[in-house]
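Dear colleague,

Please find the structure below, handed over for your use.

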Amino acid sequence: MAGKRVLMKGNEVIAEAALRAGCRNYFGYPITPQTEVMHYMAKKMVQIGGNFVQAESEVSAINMVYGAAAAGARVMTSSSSPGISLKQEGISYIAGAELPAVAVNIVRAGPGLGGILPSQGDYWQATKGGGHGDYRNLVIAPASVQELYELTVEAFNLADKYRMLVMILGDGTLGQMMEPVAFRDEEPIETIEKPWAACGRNGREKHNTVTSIYIDPDELEAKNRELQEKYKYIEEHEVRYEEYGVEDAEIVITAFSTCSRICKNVIKQAAEMGIKVGMIRPITLWPFPSKPIYEAACRDNVKAFLDVELSAGQMVEDVRLAVTGKKPVYFYGRMGGNLPTQKEILDKIVEIHEGRNA
Amino acid sequence: MAVVFEPTKGLTDKPFHYCPGCHHGIIHRIIAESMVEMGILEKTVAVASVGCTYNCYEYFSCDAVQAAHGRAPAVATGIKRNLKDNIVFTYQGDGDLASIGTAEIVHAAARGEKITAFFVNNAVYGMTSGQMAPTTLLGQVTTTSPFGRDASYQGYPINVSELISQLTGAAYVERVCLTDFKNIQNAKKAVQKAFKVQQAGLGFSMVEFLSTCPTNWGKEPVEAMEWLKEKMIPQYPLGCYKGQDIDFANLGKAEEKEG
Amino acid sequence: MAKVTFRDDLCKGCGLCVNACPKGILELDKSRLNNKGYHPVSCTDQEKCIGCTFCAVQCPDSVITVER
């Protein structure tokens, strides 16, 4: 399949990418709208001799991930919002024990059972840590099926490199949409030694223990400081984002994943109306691209920001933090699984442009 | 004179933090001795749960992983699926296995995961100071059944070995205790049989240890053993509930006979 | 003849070994305390020890070594 473009569904591309990244463990549980990831793994993972288990619950699935990661293996799970909520305790343990793993959240509308249509309402849960304690997940938000492929492969390298959980945050649209994908002949897999893994001493002098508990407060605080240093390093080195026309934009849109695709068309339409609109699209939601947003806020040409999300407004807070009050930050969002139309967003742009801001 | 009994290399030299007379220490030792005697310590991975033995990984000399409360069988599944030639066991209490972790233990057994669960039943939550557990006896006073467990609103004790032995994936299930020399030697045999079942890939294995909790039972260690014999054994009869007649010598032929 | 030796500072004075010894020659030494503040086990009559290891097997803290 290398090199040529293949029309493929987002969810399946995620699974294919994981297999190409050398992931040989998948533990999951059925939930719309991500189940195709599991279907694909149920066949392909088994065919290549990897481990596939449909767990009894998402709680068990994330703990199987914890086990496989503790044994030093590349491992993935996928789910959707309610399932990811069930996995939060396990994710906090993975952070505490510093285990490499990849978790995919194909977000659906909430809260509660909510709906099965797309949403971005898990932003806070993903980026602020939905579990207990001070920890972070590296959160990546692809905006196309090609990015789902490339960034999932990248996710495994990042997980191993930083010994943490990397979350691919998609949504129902992205997971269910089909787009052509160009696969590479060879994947940029970075294999890393894992001397800390609990895989049997086999003659090793000391026994390895993978744990996240430190009864002694000084030890636990030292551990937390270590984690915070790691997160600081990641914030300085692993931010990914894309920028469009910020240099002469009057209004800068901030949007990620599916919303950013809609906004690209809005930018063209606004230009035809003589309104210069740019966009900053975070690709990593954590570490968040605060710097480029702040720099945009410092530009004279930039008069205001418009944050567009499929939620009641979550990333908008990070945008406001980054802008530090230099410019007004407006918000437009849809919920319940509805997507904003280009017209709705364009109307909002015109309002802001004409100073009739809501 | 020759040494006929000495501390095992299967344990590290860190002293146990367990209360005086607690049977966890005995169970740790016979598991550790078995790993050494069977020559499997170097390829064993233990999975500690949450309870008094949350840090048993500091006591076992083998590699170990600490699991969230109730999730050890799932963690062990993830480990064993990747380390097929290793020995993987969980070490869990009754709150961990029979309460919050019921789904995990039942499904690990139902899937026939080739892991071993060492299940310590002391009828209370020890670490958190004596709450009622699923295995608390009717009438037994605990910090959350202060008037004695009353079935009318606190339901009935769960017989885990009987429950798990119903699952086809479970190849070997035995309940033992540690109240005297004979029972401890029998318990050690059960531990080694469980490891053999795992080595032979016959499926899931579990040993349930009835165990004292002197502190939370409010009894002297010796008196606690009497209570265990008098009260717990009638509710939780000792014995092998699955896999009594596994003939390791000729497993191949055994399958043909059954097949 | 057999011999038992104790790692005194690991003993928690639980008394399980005293109860297990068929010859009744073990007791908690009320005259001294170990570093944990317990009365450690001691053998009152080494001659009578038959090296059966009942005490060592019953001990939760691997305090006892037996020679025979």
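Across the interface of domain 1 and domain 2 of chain A there are 3 salt bridges, a salt bridge being a side-chain nitrogen of Lys or Arg within 4 Å of a carboxyl oxygen of Asp or Glu. One salt bridge joins the side chains of Lys128(A) and Asp318(A), at 2.7 Å from N to O.

This is a predicted model, in which local features need pLDDT of at least 70 and side-chain atom pairs count only at pLDDT 80 or more, while totals for chains, interfaces and linings use all residues. Residues are numbered from 1 along each chain as its sequence is written, chains are lettered from A and ligands numbered from 1 in the order in which they are written, and side-chain values use heavy atoms, with hydrogens and water left out.

The two domains of chain A

Domain 1 covers residues 5-237 and domain 2 covers 242-353; these bounds come from an automatic or database domain assignment. Their centres, taken over C-alpha atoms, are 28 Å apart. In contact (heavy atoms within 4.5 Å) are 32 residues of domain 1 and 26 residues of domain 2. The two domains bury about 2,300 Å² between them, 55% of it on carbon and sulfur atoms; buried area is the accessible area (1.4 Å probe) that two parts lose on being put together, summed over both. Of the area that domain 1 buries against domain 2, Gln120(A), Tyr123(A) and Trp124(A) supply 32%, more than any other three residues.

The interface of chain B and chain A

Here 34 residues of chain B are in contact with 35 residues of chain A. The chains bury about 2,600 Å² between them, with 55% of it on carbon and sulfur atoms. There are 2 salt bridges between chain B and chain A. Asp63(B) forms a salt bridge with Arg204(A), in which the closest N and O atoms are 2.7 Å apart. On the side of chain B that touches chain A, the elements giving two or more residues are β2 (44-48), β3 (63-66), α2 (72-82) and α4 (102-110); helices (H or I, at least four residues) and strands (E, at least two) are DSSP runs, numbered from the N terminus. The largest share of that side, 7 residues, comes from α2(B).

Strand β9 of chain A (residues 209-210) runs parallel to β3(B) and is joined to it by 2 bridges; two strands pair if DSSP finds at least two bridges between them. Val65(B) in β3(B) is the bridge partner of Val210(A).
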